[in-house]
Amino acid sequence: MDTPDREPIPGPPGLPFLGNVADIDPENPIQSITNLTDTYGPIWKFQINGKQRVVIASQALMNELADEERFGKVVATALKQVRNGTHDGLFTAYGAEEENWGIAHRVLMPVFGPLHIRNMFDEMHDIASQLVMKWARHGSENVIQVTEDFTRLTLDTLALCAMDFRFNSYYKDEMHPFVQAMTAFLATSGGRARRGALNIFYRQESQKYWQDIELLRKTSREVIETRRANPTEKKDLLNAMLNGVDPKTGKKMTDDSVIDNMITFLIAGHETTSGMLSFVFYYLLKNPSAYDKAQQEVDDVIGNGPITADQLSKLPYINAVLREALRLSPTAPSIALQAKEDTVLGGKYAINKGELLVTVLAKIHRDPTVYGEDSEEFRPERMLDEEFEKRSKEFPNSWKPFGNGMRACIGRPFAWQEALLVTAMLLQHFNFSMEDPSYNLQIKQTLTIKPKGFYMRAHLRNHMSATALERSLASTSIKETGTANPGPGAADKKKTVQGKPIVVLYGSNTGTCEALANRIASDAGDHGFKAELVDILDSAKENLPTDKPIVIVTASYEGQPTDNASHFVNWIKGLKESELANVSYAVFGCGHRDWAKTFQEIPKFLDTAMEARGGSRIVPMGTADAAKGDIFTEFETWEDQVFWPAMKERYGTSDAAEGLSFETSLGVEISTPRSSTLRQDVREARVEEIEVLSAPGAPEKRHMEISLPSDMTYSAGDYLAILPLNPKESIVRVMRYFGLAWDSMITITSSGPTTLPTDSPLPAADVFGAYIELAQPATRRNILALIEATTDESTKKQLAHLADDAFTAEITTKRVSVLDLLERFSSVQLPLGVFLRMAPPMRVRQYSISSSPLWNPNNVTLTYSVVDQPALSGQGRFVGVASSYLSSLATGDKLHVAVRPSHQAFHLPKDAKNVPVIMVAAGTGIAPFRAFTQERAAQIAAGRHLAPALLFYGCRTPGTDSLYAPLLQQWATLGAVSLRYAYSQQVGDSENCAYVQDRLYHDRAEVVELFDKGAKVFVCGSKGVGQGVEEACVRIGDVGEERARKWWEGLRNERFATDVFA
C-alpha cells in the first residue's frame, strides 16, 4: 500500500521494546489517549509491547469503521481478561463464529423488545423508590456519594428485573458478596490486561481472582437451581435464557451460557447505566438552564402524582439530556475494532488486516464539523428528536455510546427506560446542589468511566417530609403535607447564640461574598438576632423560609450567577405569580464597575424579582464596588447604618442580646504544644522549577512550574487558584504586637458562626499566616473599634479623623490595614479575639495558567509579577500576599492549589484548522497566550495544519521584560504564531508603536483579513489594555463610533473574549 497518495499515520515516538507505554496512564488510559488526540489529531498511532494501535477520533473516520463488511469488533485488553469469567457471553464473545453467542443473541433479542421492557417498569420503580427514600431520610445535609448510590441502584434493578433476585444494597453498609466479587474481578481484569506476561508474579492476586470468578458462577448457578425448583410464569431474562429456543438452530442455551450471560448483564448493565446517571446529574448541576427545563418538564408531565410508564415517552427534553450526557461522556468510552482485510481509511491512511483500531468516542462526539464550535458545551436542545435525527442522517455514526452494528448493546432499551425513570423521579422529588460548586469533572476509569469525586446534596421539594413522601410514592398523588421544612439546611447547622432567627444565603466564586455572609452572621448576636443557617443560595431553591428574615449576599460573574447560586437564580426567573408572599429579604451585591454592562446584574435582579413575586424587601439593596478596593467598609456601612437599624425596628430587638458583646463573642486560649492543620478546599501540589524572567532593575516577573495532584486536570486558558500564606514579615509583626512567643498555640472558641478553626489548639503563626487576611485595608468599623480600645484622647481624635473625612484618602487609597494602625497608635490595646474577628478570612488568588496540557498534562506553569514596593502610607512596604508567597517558595516546596475553569469563551477554537486566532497582551498578561501558543506548537509539531495566529505583545524593551522571547520566536519559526511587539520605551524596534493597541491599529489590514475569516480575538492584561484594544478596534471598524461599539459588544464572548485584571 505504499503509494504516493498515501499519508503516514502520525504518532508519538516510543521507547525501544516498550513503545509508548510511558505515554499512557495505566490508571486512566482513555484520558491519556484523549490528550494525545488533541496533539496528533483525528487519526494517530501508538505501540504497546510491540503491538501497534491506531486511534480514530473523527466522525468521518468512524463512519467508515461502522461498515461491518470491512471492520469487526475486537475483544482485547481488559475485555479479554473479563472473558475469563464470562467466556462467550454476549459482551465478550469473539463474534458470530462462536455458536453460543448467536444462540444467546437470537433468544434474548425479543426479551429486550418494547413490551417486555415496559413490563419491567414496576420492578424498576421499586428500586428507584428505595433510592429516593434513602436520600429523603438522610436529609439535605447528607453528602451523597453519587456514583456509589447509582451503582447500588442499577445493580439491584438488573438483579430484580433479570432474575427476580434482590441484593438489597440500600439496606446494608456492605455490598452483597456477589457484588464484592464482581467488583474485585473487574478491577483485577484491568490490572492483568496492563501487566501482560508479568501476571505470573502476582500469584496471590491471581488466586483471589479465580476464587472471585468461582463465587460469581456458583451464585449464578444457585439462582438457576432456585428458579428450576420454584418455576414462575414471569417473563424475565432468566426464564428466557432457561426456556427460550433459538429459532435458527432449534437449540437452547446451555447452563454455562446462561451463567456467562447472567454475569455479563450484571457487569455491563450496572456499570454503564450508573455512570450515565452520574454524568447526567453532573451536567445538569453545571448547567442550571438545562436543569430547570428538565425539572419543569417533569412538573408539567408528571406533576405531583406517581409516575407511570406511559409518561416516560412524554419527556422529550429529559430524553435529550440523556443523549447529550452520553455524547460528552460515553460511559463505554471506546470501541475496539479491526480491519477484516488490508484497507485504506479516509482515502489516504493504510490499515493492515487485523490491526487494532481504537475509537475515542468522546472526541468523535465532539467533532466540530458535526456539532459546531460549541461541541464542548452541554446543550440538550441539539439532541431533541428532530435535530438528533437530522444530524444522524447528515453525519451518520456521529453518536455511538451503545456500540456498533450487530455487536451493539442489546440492553439499550432496558438502560434507557431505567435512566428516564430515575432521572424523572429524582427531579420530581428533590432539588439538588453540588457539595462543591467549583468541582470540575474528573474521570475514574475501570471497564467503563464514571465521575470521580462528584458529590451532591438532595433537598426535598414542596416542603415535603420523608414520612409524607414514603406514603406518597404508593398513593395516587403527592400531598403537600407533613412537617414543613423550616428552610434549607438541618438542625446541626444551628448555632447556640440566643436571639431572633435569620437565614443568611450567599453566592460566591472567590470567597468574598461567603466572607461577608459569615460576617453578617457573626454580627447578628450583637443586634439581638441569631444566624440559624449560613448556606449557599442553591440550597434554598424552592425552599425559602417564610417565618424568618433572609439576607442574601451575592455577586455576578460576567452578568451570570456564581457557581453556587445559578440554580436559585434560574428558579426565581421561572416564577410567574406571588410565590414569594410572606418571604422577607434583604440583598447585598458585590461587583466591579469596570464591567459596566453587567455591574450588579444578579443582585439587582434578585432584589427586584423577589419583590415582584410577592416578597417583602426589608431594606434597599446594598452594594459594594471592588474597583474602590474597600468592599468590607462598604458592607459594614450598609450593615450598621441601613440593615441592622431596619431589622431592629421591624422585629423589635435590642443590641447585644443575652449580654453577648463584640469583645466577648470570640474566646482565645493560649498554650504551647505543637500541631499542624491543613485547609481542605484546595489540594497539595509541588513546585518543580522557578525562573526569574525579567532583567535586573526591572519590575520582577517570574515563571514557576508546579506539578498537580494526580487526578487534577486543566485546559489552556484555565486559572490556577492559590491559597497563599501571609508574608512572614506580617506574621512576625502581629505576633510581636500581641506579645506571643513563636511557638504559642491558640484555641479559638466562638458563640456564633466563624470561618476560623475552633475548639482545637493551633499554632498562632498558622492562624495568622493561613486563615486571615493581615493586609486587608481597615474598615470604618474597625477604626471605631480601635477608638474604643484606647484611653488616649489624642489617639481617639486622630482615629476619629481617619474614620471620617480622611478615610478614603488615608486608609482605602493607601491600603492601611488594622495591623498598620495598631503599630502606629501604640496606646490602642486591642484584645486578640477582637482582632481575629475583624480580619477577613484568607481567600484564594487566581492566576492564568501559562502552559498547555499538551506540553504536560500533570504540570502547569504560572507567569506572575512580584508585588513589593514602598507602602503608599509611608509605613514600610506594600507586599502582595500571593505574589510574595509564590516568590518565597523554592523547588520542592508544597503549596495548595485548585484548577478553576475560565469562561468558556476564553479557550482556543475547537476547529483549529479553520478558525484563526488574534491574541493581545501586555506584561504578565501573556500567560494564557503562552499556553495557547504552546498548544498550537505541539499540534503543528505533530503534523497538524492550523489556521494563522497573531500575538500582539506589549512590554518596555526587548532586553528587560520581553517575557519568553526566545521561546516565542522558536514557536513562531515553527509556524504556531506571528509575533507583533510594542515596546513602550523603545518604539523604534516596534514600528513606532508604544502600546499594543497602537500595534493592533498599525497592522489592521492583517487583523481585518483574519477577522473576515472568522478569527477569535483574545485580550489579557490590565483595564487600560482592555480599553485600549476596544478603542483600536472601534477605529478599525470605521463605521461610526456608536454603531462600532454596539457591534463590538455583540461579539463579546462569541468572537471576542477578555481576561482583564486589576
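Let's start with Leu 108. Leaving aside residues up to four places away in sequence, Leu 108 touches Leu 90, Leu 237, Ala 240, Met 241, Phe 265 and Ile 410. Keep in mind that this is a predicted model.

Where does Leu 108 belong? It sits in the largest nonpolar core, which has 131 residues. Leu 108 is among those with the most contacts inside that core, along with Trp 135, Phe 150, Leu 426 and Phe 432. Which helix gives the most to this core? Helix 11, residues 255-286, with 16 residues.

Next, helix 25, residues 780-788. Its buried residues are Arg 781, Asn 782, Ile 783, Ala 785, Leu 786 and Ile 787. What do they pack against?

Now the annotated position. The UniProt annotation "binding site", from an unreviewed entry, covers Cys 409. Find Cys 409 in the loop between helix 16 (385-394) and helix 17 (412-429). Is Cys 409 buried, partly exposed or exposed? Its relative accessibility is 39%, so it counts as partly exposed.

Leu 15, Phe 17, Leu 18 and Val 21 make a nonpolar patch of about 430 Å². Take Leu 15 from that patch. It lies in the segment before helix 1 (29-40). Leu 15 counts as partly exposed because its relative accessibility is 46%.

Last, two backbone angles. Most residues other than glycine have a negative phi. Here are two with a positive value. Glu 542 has phi near 60°. Asn 582 has phi near 75°.

Both are in loops, so let me place them one at a time. Glu 542 is in the loop between strand 14 (529-536) and strand 15 (550-557). Asn 582 is in the loop between helix 20 (566-574) and strand 17 (584-591).

Buried or exposed? Glu 542 has a relative accessible area of 18%, and the cut-off for buried is under 20%, so Glu 542 is buried. Asn 582 has 60%, and exposed means over 50%, so Asn 582 is exposed.

Key: Residues are numbered from 1 along each chain as its sequence is written. This is a predicted model: local features need pLDDT of at least 70, side-chain atom pairs count only at pLDDT 80 or more; totals for chains, interfaces and linings use all residues. Side-chain values use heavy atoms; hydrogens and water are left out. UniProt positions are given in the numbering used here, feature names are shortened, and annotations may be inferred rather than shown by experiment. Helices (H or I, at least four residues) and strands (E, at least two) are DSSP runs, numbered from the N terminus. Buried means under 20% relative accessible area, exposed over 50%, partly exposed in between (1.4 Å probe, protein chains only). A nonpolar core is a set of buried Ala, Val, Leu, Ile, Met, Phe, Trp, Tyr and Cys residues joined through side-chain atoms within 4.5 Å. Contact means heavy atoms within 4.5 Å. Patches are made of residues with over 30% relative accessible area and no salt bridge: like charges are joined within 9 Å, nonpolar side chains (Val, Leu, Ile, Met, Phe, Trp, Tyr) within 5 Å. Accessible areas come from the Shrake-Rupley method with a 1.4 Å probe; for residues, only the protein chains shown count as cover. A salt bridge is a side-chain nitrogen of Lys or Arg within 4 Å of a carboxyl oxygen of Asp or Glu.
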